[in-house]
Amino acid sequence: MGLARRVVGHRSVIRLLERQRAEERIAHAYLFTGPPQVGRRTLAWAWGMALLCPDPDPPCGSCRSCRRMEAGHHPDALYVAPEGNSLKIDQVREVQRLLALTPVEGPYRIVLFDAAEKMTTEAANALLKTLEEPPSYAVLMLIAPSPESLLPTVVSRCQVLSFDPVPILEVRQALQARWGVPAERADRLARRSGGRIGWAVQAAHDPEVEARYEERIRQIHRLLTQRRWERFRFAEELAGEEEETRQAFLETAMAWWRDVLYCAAGTALPLIHEEDRRRIQRAAERVGLEGARAALEATRRAWIALQRNANARLALEAMLLDWPFLPEEDFESERLPAPGILLDVSGGMP
Ligand SMILES: [Zn+2]
């Protein structure tokens, strides 16, 4: 129960870890995989906290060990993230020097490698030696998007636990109950989060996060009415952005096309972008089921291509060629009736 107090969702992973602790079968190395901001790092750190906490139902969150874990300066726990663009061999060597020493306070030494997919080959090979013969007290945790993003020899030494998106209802409830977000906003953020609780919590606290989301939606609207050269100019701009920005745009676009597809199919399911239903409905009427499916597929292909380091500009251009061209009036904001119409109405009254 201790872990579930600190983590939203991921109950099957929590059950498995708590059983391991109860049976004293803690693994020396874990690999937590799943999409970013779904809760991998939060759960990994809470697991480290639980292993070091003396409470019978750990982590208690209030003992000296837990408080030091929360503050990020427990002498037996180390958080390692990429320096610049990669996790380097020097960082792994430093971890190895630390692991050579027995724990200062608790029964374990915990090391968490964030974004382990950014480990250089030399670093991964150095780490492999530790994974092959870990000290009895070592618990290593690696975080990565998928097992395929790491060397197979590293993966084979780890217990792999995969994280699914948290159900939308659970995200909404957690936003309301744990973070005090009002119901309507919690509902909107939960839908837009796609089950990434970390994004939802961040968006709840930082208006900029949602503002960027809204801007992506407006950009999608603009692109649909733009001509080919304008779309290509956008492809070039987006290709020059950070990976995170490109992924965020494509993920928002996939969610938007999913809504169009649902509308075109006439399902009664709630939309991710319920607030944009009018435009989504019009797009669905124009492009139909097949058009929506094709646009969604094209977007997904670009998203996958970018993850595989394909030429970003070409992938984005190909996607935008497959998106339909829609008339501008579909995407204009709601306008007040023109004065002439008002006059007509009043003039027609008896
Ligand atoms: Zn504690």
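Biologist: Why does Leu326 count as partly exposed?
Modeller: First, this is a predicted model, so local features need pLDDT of at least 70 and side-chain atom pairs pLDDT 80 or more, while totals for chains, interfaces and linings use all residues. Residues are numbered from 1 along each chain as its sequence is written. A residue is buried if 20 or more other C-beta atoms (placed from the backbone) lie within 10 Å of its own, exposed if 12 or fewer, and partly exposed in between. Leu326 is partly exposed because its count inside 10 Å is 19 C-beta neighbours.

Biologist: Which residue is 102 places from Leu326 in sequence but 5.5 Å away in space, C-alpha to C-alpha?
Modeller: Leu326 sits in the loop between helices H15 (312–322) and H16 (339–347); helices (H or I, at least four residues) and strands (E, at least two) are DSSP runs, numbered from the N terminus. Leaving out residues up to four places away in sequence, Leu326 touches Thr225, Ala283, Arg286 and Phe331, among others, where contact means C-beta atoms, placed from the backbone, within 7 Å. The residue at 102 places and 5.5 Å is Leu224.

Biologist: Which strands stand at the edges of the open sheet?
Modeller: The sheet has five strands in the order S2-S3-S4-S1-S5, paired in parallel; two strands pair if DSSP finds at least two bridges between them. An edge strand has a single partner, so one side of it is left without a neighbour in the sheet. That describes S2 (77–80) and S5 (159–162).

Biologist: What is the bridge partner of Leu112 in S4?
Modeller: S3 (residues 109–113) and S4 (residues 138–144) run parallel, joined by five bridges. In S4, Leu112 is partnered by Met141.

Biologist: Which element gives the most to the side of domain 2 that touches domain 3?
Modeller: An automatic or database domain assignment gives domain 1 (2–162), domain 2 (166–205) and domain 3 (206–331). The C-alpha centres of domains 2 and 3 lie 23 Å apart, and their contact takes six residues from domain 2 and seven residues from domain 3. Helices H9 (183–193) and H10 (197–205) each give two or more residues to domain 2's side. With three residues, the top giver is H10.

Definitions and conventions: Two residues are in contact if their C-beta atoms, placed from the backbone, lie within 7 Å.
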